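Here are some notes on the model, for you to check against the structure. Please keep it open while you read.

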Amino acid sequence: MDGLYLGLDLGGTKVAVAVGDDEGNLRGKAVQPTPQGDGEAVLAGLLGAADAACRDAGCRLDQVKAAGVGAPGPLDLGRGIVLKAPNLPSVSGFPLREKLAEGLKVPVFMDNDANVAALGEHRLGGGRGYRDLIYITVSTGVGGGLILGGQLYRGRGAAGEIGHLIVQIDGPLCSCGNHGCLEAVASGTAMAKAAEAELAAGEGKSSLLANGRPATGATVGEAAQAGDPLAGKLVARAGAFLGVALADLVNLLDPELILIGGGVSRLGDLLLDPARAEMAGRTLGGRTCPVRVAALGGMVGAVGALVLAMDGLAG
Ligand SMILES: [Zn+2]
C-alpha cells in the first residue's frame with residue numbers, strides 16, 4: 001500500500017483526518033473534538049487524529065508521502081501561519097504548517113478551509129468533471145472557493161471570500177466589521193439572531209419559544225423542517241439573500257455549477273429553492289446555473305486536504 005496521503009481538516013469544534021491513495025480512494029478516517037488549549041495542544045490533537053486515521057486505514061504514518069491541511073482563515077500561505085481565526089483563537093499566529101511537517105515527517109501543504117473544500121468537491125465530490133465551479137459553505141459563517149478553468153482560483157491569496165459579498169447595504173453587522181455581508185444575513189448564526197429579534201418583537205406563536213433557550217442555527221433549521229412558520233420565513237429569507245449573492249456570482253463568472261455545503265445546506269430545498277428563485281430573477285437576461293447541495297458532507301475538508309496534498313507533491 002504505497003502512495004498514501006493524509007488530509008487534515010482543522011475546525012473550531014472538530015478535527016477530521018482522511019487517508020487516501022494515489023487514485024483518491026478513501027482508505028481510512030478519524031473525527032475527534034478540537035482540543036482546547038494553545039497551538040501545541042491543537043497540534044497534538046491533529047497528530048493524534050492522524051494516527052487514528054492511519055490505524056483505521058490499516059497503515060502506518062511512515063507510509064504517508066505528504067499531507068494537506070485546511071485551516072480557518074485568513075492565512076499567511078507563504079509562512080504557513082493562521083493569522084486570525086475567530087472560531088479558533090488558540091492557533092492565531094501559530095506556525096501550523098511547519099509544526100505539522102515536523103510532527104508527521106512529510107511535506108505539508110496548507111490552504112484555507114473553504115478553498116480546500118472546493119478542491120475536494122471538484123475532484124472527488126459533486127463537482128467532478130466541471131471546469132468552472134463555485135463552492136459555498138453555509139454554517140456558523142459563510143465561506144467560498146472558486147474553481148475556474150479546472151483550477152482553484154486564489155487571486156493574490158484571498159479570493160473566494162463569498163461570505164463577505166455585500167448583499168444588503170446598511171444590513172446587520174458582520175464578524176468582519178462591515179455591514180450587510182452575506183455571512184451576516186444568511187449564516188446559521190445570522191438566522192439565530194434574526195429569530196431572537198423576531199421573538200423579542202412579539203412573534204409569540206413560534207415553536208422556537210418552546211424550550212426557553214436562545215435560538216441557534218440548528219434549532220431554527222429543525223423548526224423550519226417541522227413546518228414552523230416563523231422559522232420557515234427566516235430560512236427562506238436567508239435563502240433569498242444567498243440567491244442575491246448567487247446572481248452576482250453568475251453575472252460575474254458564469255459558472256457551470258454552484259455547490260452549497262456546510263451545516264445549513266442540510267436544509268436542502270427549504271434553503272435552495274428561495275435562493276434559486278432570487279438568483280433567476282436577478283441575473284442578466286435570466287441566465288441561470290444549477291445550484292445543488294454538495295456531496296461530501298462533513299468529510300469535505302479532510303477529503304479536499306487529501307487533494308491538496310496530492311497536488312502539492314505533484315507540484
Ligand atoms: Zn463580512
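1. Helices (H or I, at least four residues) and strands (E, at least two) are DSSP runs, numbered from the N terminus. Residues are numbered from 1 along each chain as its sequence is written. The model is predicted: local features need pLDDT of at least 70, side-chain atom pairs count only at pLDDT 80 or more, and totals for chains, interfaces and linings use all residues.

2. Start with Asp 21, which sits in strand S2 (residues 14-21). Asp 21 has 17 C-beta neighbours inside 10 Å, so it counts as partly exposed. The cut-offs are 20 or more other C-beta atoms within 10 Å for buried, 12 or fewer for exposed, and partly exposed in between, with C-beta atoms placed from the backbone. Leu 4 is 17 residues from Asp 21 in sequence, yet their C-alpha atoms are 4.6 Å apart. Setting aside neighbours within four places in sequence, Asp 21 contacts Gly 3, Leu 4 and Arg 27. Contact means C-beta atoms, placed from the backbone, within 7 Å.

3. The protein chain splits into domain 1 (4-111) and domain 2 (126-295). These bounds come from an automatic or database domain assignment. The domain centres, taken over C-alpha atoms, are 28 Å apart.

4. Now the core. The largest nonpolar core has 104 residues. Such a core is a set of buried Ala, Val, Leu, Ile, Met, Phe, Trp, Tyr and Cys residues joined through C-beta atoms within 7 Å. Helix H7 (residues 229-253) gives the most to this core, with 13 residues. Domain 1 and domain 2 both contribute residues, so the core lies between them. Leu 6, Leu 8, Val 17, Ala 67 and Val 220 have the most contacts inside the core. Beyond four places in sequence, the contacts of Ala 67 include Leu 6, Leu 8, Leu 100 and Ala 309.

5. Which helices do the buried residues of H6 pack against? They pack against H5, H7 and helix H8 (269-282). The buried set is Gly 217, Thr 219, Val 220, Gly 221, Ala 223 and Ala 224. Just after H6, Gly 227 takes a positive phi of about 95°.

6. Last, the H5 and H6 pair. H5 (residues 188-200) and H6 (residues 217-225) pack at about 75°, with axes 7 Å apart. Axes are lines fitted to C-alpha atoms, for helices over the stretch in contact, and angles run from 0 to 180 degrees between N-to-C directions. Gly 188, Thr 189, Met 191, Ala 192 and Ala 195 in H5 meet Gly 217, Ala 218 and Val 220 in H6.

Methods
Two residues are in contact if their C-beta atoms, placed from the backbone, lie within 7 Å.
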